[in-house]
Amino acid sequence: MNWQLPLMLAQTDSSRLEELRERTEAISMQGTTVPDSSLVREGTSNPFATEYWFPTQASSFAGEVDFLYMAVFWISLIFFVAIVGAMVYFCVKYRRKDGVIAPEPSSSHNTAIEILWSVLPSIILVWIFYVGAETWFEMRIPKENAEEIQVTAKQFGWLFTYEDGDQTNELHLVRDKPVRLIMQSEDVLHSFFVAAFRQKMDIVPGRYTYAYFEPIKDGVYRLSCNEYCGTGHSKMKTACIVHVSEEDRKNNTKWIEAEKTPFENGQRIYQIHCSGCHKVNGEAATGPALNLIWGENEKMIDGTTELVDEDYVLSSIWYPEKHIVEGYGPVSKMNSFKGILDQKDVDYVIAYLKELKNTSGDAK
Amino acid sequence: MVDASTRQKLFGTPETNFLNCTKGWKSWAFTLDHKRIGIMYLIGVTIALFLAGVFALVLRSHLFTFDSKMLTDDMYNQMFTLHGAVMVFSFIIPSIPAALGNIVLPMMLGAKDVAFPRMNLASFYLWIIGTGCLLAAILSGKGLDTGWTFYTPYSIDTNTGVIYATFGAFILGFSSIFTGLNFLVTVNTMRAKNQGWFKLPLFVWSLYATAIIQVLATPVLGITLLMLIAEKTLHIGIFDPKYGGDPVLFQHFFWFYSHPAVYIMILPAMGVISELISVYSQKRIFGYSFIAFSSVAIALLGFLVWGHHMFTSGQSLVVTLIFSAITFTVAIPSAVKVFNWLATLYKGSILLNTPMCYALSFIFLFGIGGLTGLFLGALSTDIHLHDTYFVVAHFHFVMVGGTLTALLGGVFHWWPKIWGRMYNDFLGRVGCFLVFSGFNLTFFPQFVMGSRGMPRRYASYDPEFQIFHQLSTVGAFVLGLGILLSFVVLVYSALRGPRCSSNPFRAASLEWQSSSPPDFHNFIHTPVLTDPYDFETQVYDEELDTYIPREFANPDKVAPRKEPVHH
Amino acid sequence: MAVADSHDTHDDHHDLHDHGEFIAHHFDSAEQQFDSGKLGIWLFLVTEILFFSGLFVAYTLYRTNHPEVFEQAHVFLNKYLGGLNTIVLLFSSLTMALGVRAAQLGRNKNCSIYILITMVCATMFLGVKAVEYSHKWDMGILVRSAFNLTYTHPTPTTEIGKALHISDYLVYLCVVPALLLAGFIVASVISKLINKGTLAKFMIAMAITVSGYFLGVCVGIIFMNATEGETGSTHASVIAEQPLMLLASTQDDHAEGDHDDHDKAAAASNHEGEHSDHEEHFGSHPADGGEASFDAHHPDPSTLSRDVGIFFSIYYCMTGLHAIHIIAGIIALAWLYWRSLLGHWRTDYFGPVDYVGLYWHLVDLIWIYLFPLLYLID
């Protein structure tokens with residue numbers, strides 16, 4: 001694994017990126033060059049324009065996020081101007097005149113107006129909540145056929161592993177191709193943040209977290225760690241490069257080639273650790289067969305069902321007693337593999353399970 | 001009805017008062033008098049404010065250029081951590097309740113002291129010990145670099161002085177609980193005769209609501225920090241993922257306290273503002289019961305929204321949705337307060353002296369702080385803004401623009417009562433202007449940076465943000481200057497200011513019926529119970545040049561009262 | 001609130017009460033002082049409950065997420081010892097309530113006796129707890145990071161440990177109480193000599209209180225030996241033959257490091273391999289050896305989830321914090337005892353006894369929750 005601090009374009013000497021570099025403002029920063037094409041904005045001096053507040057909208061939902069932001073911006077502005085305007089007006093108009101301390105008697109209570117100014121803002125708040133939640137579902141629920149990329153964060157760098165096992169230190173994506181990031185941390189909390197995508201997700205050690213988006217604009221964007229992680233937190237940045245096509249990505253990326261595909265690694269782990277009890281031909285043994293389980297809802301002995309996803313596989317390998325599949329109870333016959341298989345190994349097992357499911361599915 | 005000499009005795013400048021009734025350092029160190037304890041607290045939190053303020057100025061100086069070499073990354077991390085930890089635990093949380101509240105609350109109830117004076121003193125000493133432990137992290141040479149939130153697992157992994165600091169915060173928590181518990185009991189059992197709940201000043205209501213949070217939320221922080229200490233020393237495996245623990249659980253525990261703690265900081269500030277707006281408009285506060293109950297509503301709702309600090313932490317979708325929804329409900333009582341203050345100004349007799357200037361800046365700054373909260377409460381925009389400078393700006397608008405401004409306003413308001421001396425109002429207003437403008441210059445640019453994607457807690461940043469950081473740094477120094485000027489004005493006034501009368505501002509709450517400075521027992525004579533917002537109860541006395549309750553006045557010289565409008 | 005009313009009504013005739021030595025200057029009447037104190041202590045109890053609530057939440061979450069860990073772990077807790085402690089604490093609550101009643105009636109002598117009994121129960125509770133703790137530490141049942149269950153009891157190295165055949169840890173846990181006991185006895189003799197009768201009385205009471213700890217230790221050991229033998233398994237019968245606390249010095253001589261290696265090997269190998277491995281490993285027990293070395297109450301360490309230690313992390317946090325509260329309670333009770341000796345309680349002044357009583361009932365109540373949650377899982 002290559003854990004050097006990401007020196008962006010040093011590794012991506014392609015004509016495509018040269019082109020991007022010309023288009024964007026190249027910025028030299030402590031030996032690290034992070035050009036950010038999202039900074040090319042127009043009309044940036046007008047604080048009432050969306051472009052003033054935000055970088056380029058480079059993901060499918062960025063426009064919606066910006067819309068809500070600007071809507072709240074205007075609502076707030078109207079309220080704020082009204083409040084401060086009234087305050088200043090009253091202070092001028094009702095300023096204490098010399099010698100007259102007591103004001104003319106006036107009302108000090110009005111239930112109708114109290115209810116009015118409680119209910120009216122409430123309606124606006126409900127609207128803001130609704131719009132915010134709607135977009136947020138889009139940000140948090142994965143798209144069909146998304147490309148899956150494993151993200152490993154570590155103090156203080158990034159490693160991205162693609163479906164074929166090749167790796168990079170920058171994130172390389174393809175325009176209009178939805179992506180699902182499966183993220184893990186090797187040490188402390190980190191957070192994946194690309195402002196141009198408006199997407200952010202913490203990376204929590206000991207479990208998987210996910211981020212979904214669809215890049216809609218090619219360019220080079222800044223990817224930073226957004227959760228404080230120690231000394232080099234502010235240096236934990238890399239580039240996210242959105243290519244125009246798959247072809248472009250394949251040819252113009254300097255890959256760290258994998259010796260074996262994740263599937264092969266997973267197969268090897270399976271043969272060493274799992275094959276004693278789990279078959280892959282559909283037959284039940286000491287434990288359930290593994291070839292068709294990925295992505296399915298499995299029935300447990302307590303009557304619940306569990307979706308076989310990354311976290312399920314992780315917990316089944318580390319804490320076998322937690323979920324016991326119907327027919328294999330009452331207690332688990334499996335040992336915990338915590339301390340034997342780390343999260344990276346579990347990644348490979350997952351890749352293996354996915355491939356098994358695909359090929360078995362085809363056979364049918 | 002009393003004669004002139006009695007009036008002189010009750011409301012004139014007293015010969016003996018709580019400041020000079022006993023002398024020597026022991027009479028202060030072992031005092032059980034709530035006013036003296038309040039003053040010691042005030043001095044303590046001022047020191048904490050200056051210390052953490054210096055940390056802030058160092059931070060801002062470092063950030064003046066994007067590739068600054070002034071601090072190393074580690075030093076920068078330590079600096080922002082200590083700035084946050086000292087400001088939150090040692091300054092803001094005790095500032096208004098323990099310093100101002102301690103002095104004013106029992107007097108507002110016409111009581112001689114808080115219910116448990118010894119506990120009150122213990123609270124102050126715990127504050128000293130707790131702050132000492134926090135600072136021991138620096139003195140031990142290890143520093144502290146976890147951020148004030150102590151997020152696991154970084155706080156477990158780092159070998160800086162996390163144990164000192166968490167232990168300090170633990171002790172400070174008890175200090176806070178003692179104050180809160182004392183206030184709850186005092187308000188319940190020590191009110192003046194016939195002083196019902198709806199005859200209490202709104203500052204008392206807000207302190208009561210604050211005390212509820214202090215008593216209910218702080219123990220959870222206590223146990224969380226103990227578990228963190230146990231995790232760090234024994235590796236008990238509750239928070240540390242290496243041993244099967246759950247780091248997100250720590251965040252839940254931490255914010256279960258620390259979100260309500262935000263209301264510990266802002267509610268008393270709102271109470272102060274309610275007093276100031278009313279007194280300096282000479283008008284009954286508009287919508288008394290709505291303001292009073294909104295304090296309690298904020299306190300209770302505040303317990304249900306901690307998860308909005310964790311929208312990106314990987315908590316479940318449903319939970320996140322619920323937290324977002326409840327978060328918006330907190331906006332309503334806050335807005336209600338602002339509207340009611342505005343309605344109080346309407347047709348008032350507005351005096352723009354120093355405390356009122358602070359009160360008006362509070363409405364301005366808290367308005368921005370509150371409204372920017374909407375961006376962060378909404379789920380989609382929060383994902384983008386979470387942990388960026390937008391958040392930094394938002395909470396500084398609430399905590400500095402809100403709490404610090406209200407603290408200064410309150411201190412200027414009650415200062416003549418405490419010391420019996422008046423301050424220079426012009427310089428006070430200059431200070432207020434510097435604080436206000438410096439503050440806006442510091443934090444407004446941070447909204448822009450945050451929206452554009454500048455993460456917080458970065459020791460170096462991308463050059464395109466430099467101009468905003470520079471504005472911010474300049475603003476921070478202006479803000480610092482403003483606070484320093486206010487400090488000088490106040491200290492000079494306490495020592496050399498002109499003598500002032502018992503009630504120079506025609507306030508109607510009970511504390512103004514004592515002499516300035518008050519007697520050791522607060523009141524020489526049992527105070528006459530007056531409506532705190534009926535200023536017609538106070539009439540001018542020419543001989544003493546002050547306002548006294550109608551009952552004590554010379555009936556020949558008193559104008560008939562203007563009847564308030566009833567509905 | 002009733003409090004406000006009482007303020008009003010009592011204000012008029014508060015001269016009837018002598019504004020006595022125990023009414024602080026800032027209170028108008030004894031009633032106001034009592035009401036304040038009562039509200040204060042209730043609020044304090046609320047903070048105490050919330051303080052523990054953090055641990056209860058942690059308990060609930062880990063039990064929900066890792067139910068298997070809790071099922072595997074609870075067998076190591078001796079429910080008879082837990083039950084004994086529950087009875088002791090319940091009894092102390094009774095005597096505390098009687099003490100409060102006596103104080104309300106102004107019967108200082110009765111009050112002091114009840115408080116003394118309460119204190120003895122409290123120290124007895126701690127004694128039993130010490131037996132439990134030391135037994136677990138012997139077996140390597142520690143917090144998550146140090147958890148290393150072996151069933152081996154290291155040979156005592158301290159002189160006392162060797163002489164009494166008790167674990168070193170138990171000896172260490174008795175050091176402070178022993179010093180206290182000696183101190184109080186000496187202090188009582190000295191106070192007697194210098195004619196401070198009340199002080200001497202107080203010191204004797206304190207000595208009796210501390211003796212309760214040793215009573216607890218003895219009863220704990222007896223209970224432990226009796227109940228651990230009752231499980232009837234082959235492995236346990238080994239234990240029954242040799243009282244458990246004595247077990248420390250006998251058999252099971254394989255070194256800890258040995259066991260560690262075995263652990264790793266077992267984890268890495270597959271199931272069948274493991275089993276044979278264990279038979280070989282534990283088959284050397286002098287009693288009839290063989291397959292039944294492990295049973296429901298003495299499970300094979302290698303079959304345990306690695307996170308069983310988290311249960312014990314929570315167990316130690318909860319019971320440890322509770323024990324700290326017991327100690328704080330004993331200190332408060334001692335203060336009450338002293339004041340009873342001085343005859344401070346009167347029908348119109350008994351607040352402190354009332355407040356400490358409430359605190360004591362809460363500490364008791366927390367144990368009532370801890371006991372089933374930790375010991376009686378099924």
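Two residues are taken to be in contact if their C-beta atoms, placed from the backbone, lie within 7 Å. In the predicted model, 80 residues of chain B are in contact by this criterion with 74 residues of chain A. On the chain B side, at least two residues each are contributed by α4 (73-108), α6 (154-157), α9 (247-281), α11 (317-345), α12 (354-377), α13 (379-385) and α15 (425-451). Of these helices, α11(B) provides the largest share, 13 residues. By class, the side of chain B that touches chain A comprises 44 nonpolar, 20 polar and 16 charged residues.

A helix pair links chains B and C. The crossing of the two helices is right-handed. From α8(B), the residues involved are B:Val215, B:Leu216, B:Pro219, B:Val220, B:Gly222, B:Ile223, B:Thr224 and B:Met227, and they meet C:Leu43, C:Val46, C:Thr47, C:Leu50, C:Phe51, C:Ser53, C:Gly54 and C:Leu55 of α2(C). This contact contains 11 nonpolar and five polar residues, with no charged residues.

Within chain A, the division is into domain 1 (1-89 + 110-256) and domain 2 (262-363). Six residues from domain 1 and six residues from domain 2 of chain A take part in the contact between them. The side of domain 1 that touches domain 2 consists of two nonpolar, three polar and one charged residue.

How values were computed. Residues are numbered from 1 along each chain as its sequence is written. Chains are lettered from A and ligands numbered from 1 in the order in which they are written. This is a predicted model: local features need pLDDT of at least 70, side-chain atom pairs count only at pLDDT 80 or more; totals for chains, interfaces and linings use all residues. A crossing is left-handed if the near helix is turned anticlockwise from the far one by less than a right angle, and right-handed if clockwise. Helices (H or I, at least four residues) and strands (E, at least two) are DSSP runs, numbered from the N terminus. Ala, Val, Leu, Ile, Met, Phe, Trp, Tyr, Cys and Pro count as nonpolar, Asp, Glu, Lys and Arg as charged, and the others, Gly among them, as polar. Domain bounds come from an automatic or database domain assignment.
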